[in-house]
Amino acid sequence: MEKFMKLALKLAKKGAGRVSPNPLVGAVIVKDGKIISTGYHKRYGDFHAERSAILNAKTSLEGSTLFVNLEPCCHHGKTPPCTDLIIESKISQVYVSILDPNPLVNGKGVDILRKNGIKVHVGLLEREASYLNRVFIKYITKKTPYVALKAAMTLDGFICDNLGKSKWITKNNFNISHNLRNFFTAIMVGAKTVLKDNPQLTCRNGGRNPIRIILDYEGKLAGKNFNVFDNHSRTIVFSSRCEKYNGVECYPETRPEDILERLYSLNIDSVLIEGGASVLSQFYDFSDELHLFYAPKVFGRGLSAFSEFEKYIDEEFDLKIRKIRRLKNEFYLEVIKNVYGNY
């Protein structure tokens with residue numbers, strides 16, 4: 001059974017960067033031990049995975065089994081309820097990884113299927129499915145965006161040397177970095193990073209460009225021709241000097257919690273924070289995971305990635321290293337800070 005759900009999860013990942021704030025969902029239909037149809041949620045507003053798989057089928061689905069990594073919806077949204085179509089298709093059995101945390105569903109979809117004589121099994125590859133949709137789970141249950149921090153540093157934790165130079169500390173993180181930009185809906189940096197590096201903050205490996213969030217509390221970037229103000233993606237500025245930003249989407253919030261509340265109101269479900277040190281430090285307490293890239297270099301003196309954040313050894317640390325990966329002569333850590341679901 002697991003092999004079919006693993007395929008559903010693989011299909012679900014294809015929607016990354018295109019379905020938010022909806023979840024990532026894939027579906028596989030099996031009959032007599034053979035896969036007869038598949039589908040996934042391709043982009044926001046399109047058919048859900050179950051509907052796509054059912055409509056893709058070239059043969060009768062009566063007596064078949066559906067594998068889907070998230071509970072089928074049972075309410076009218078941008079598309080009709082998937083539960084109705086599953087029942088109409090005479091699918092006899094459904095395997096679900098996790099229940100939908102959305103209060104409009106949350107067990108109701110499973111109940112409807114069972115009341116209509118369909119056998120439903122919940123929990124197959126629950127950990128993998130929860131991790132895949134960690135952004136959606138937090139966004140729906142906590143009503144605030146999922147926050148990831150990213151930094152490239154030396155072995156002793158510096159993101160630039162004592163002269164302020166940082167290009168390029170690491171050299172082998174391109175693919176992972178741009179996959180992250182595609183996965184998370186928005187990317188955030190501070191005004192200092194824009195002034196220093198003039199980044200584009202786009203996704204350059206074929207993915208979707210994230211929404212660019214710029215923290216410019218003093219309005220230092222206003223009226224200037226930086227790359228972040230080009231037309232490659234939507235740009236949102238947070239500044240106490242919004243009157244200086246003519247023609248630019250600007251909001252007055254300057255506290256992290258207020259900025260995240262505003263982003264939630266704008267239907268932005270996740271943000272990848274790439275720096276600099278001040279922004280990483282401000283948002284550390286609000287973060288859910290960290291992506292840290294290390295190069296075999298030691299500066300001794302420089303700027304720490306979290307130079308404006310302070311914690312003590314006798315305080316509790318709830319960090320969990322989820323992944324360690326070698327990148328030629330460098331390495332990458334994925335660290336989980338908050339868990340939503342079971343993974």
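User: How many residues of domain 1 are in contact with domain 2, and how many of domain 2 take part?

Analyst: Contact here means heavy atoms within 4.5 Å, and by that rule twelve residues of domain 1 are in contact with 21 residues of domain 2. This is a predicted model, in which local features need pLDDT of at least 70 and side-chain atom pairs count only at pLDDT 80 or more, while totals for chains, interfaces and linings use all residues. Residues are numbered from 1 along each chain as its sequence is written, and side-chain values use heavy atoms, with hydrogens and water left out. The domain bounds, which come from an automatic or database domain assignment, are 1-138 for domain 1 and 144-337 for domain 2, and the C-alpha centres of the two lie 34 Å apart.

User: What area is buried between domain 1 and domain 2?

Analyst: The size of an interface is often given as the accessible area lost when the parts come together. With a 1.4 Å probe and the loss summed over both parts, the area buried between domain 1 and domain 2 is about 1300 Å², and carbon and sulfur atoms give 52% of it.

User: Which residue forms a salt bridge with Arg-134?

Analyst: A salt bridge is a side-chain nitrogen of Lys or Arg within 4 Å of a carboxyl oxygen of Asp or Glu; there are two between the domains, and Glu-289 forms a salt bridge with Arg-134, the closest N and O atoms being 2.7 Å apart. On the side of domain 1 that touches domain 2, the elements giving two or more residues are α5 (126-132) and α6 (134-142), where helices are DSSP runs of H or I with at least four residues, strands are runs of E with at least two, and both are numbered from the N terminus.

User: Where does UniProt place the feature "binding site"?

Analyst: The unreviewed UniProt entry places it at His-48, Cys-73 and Cys-82, and such annotations may be inferred rather than shown by experiment. These residues span 35 residues in sequence, yet no two of their C-alpha atoms are more than 8.8 Å apart, so they gather at one spot. His-48 itself is found in the loop between β2 (34-40) and α2 (49-56).

Definitions and conventions
Buried area = accessible area lost by both parts, 1.4 Å probe.
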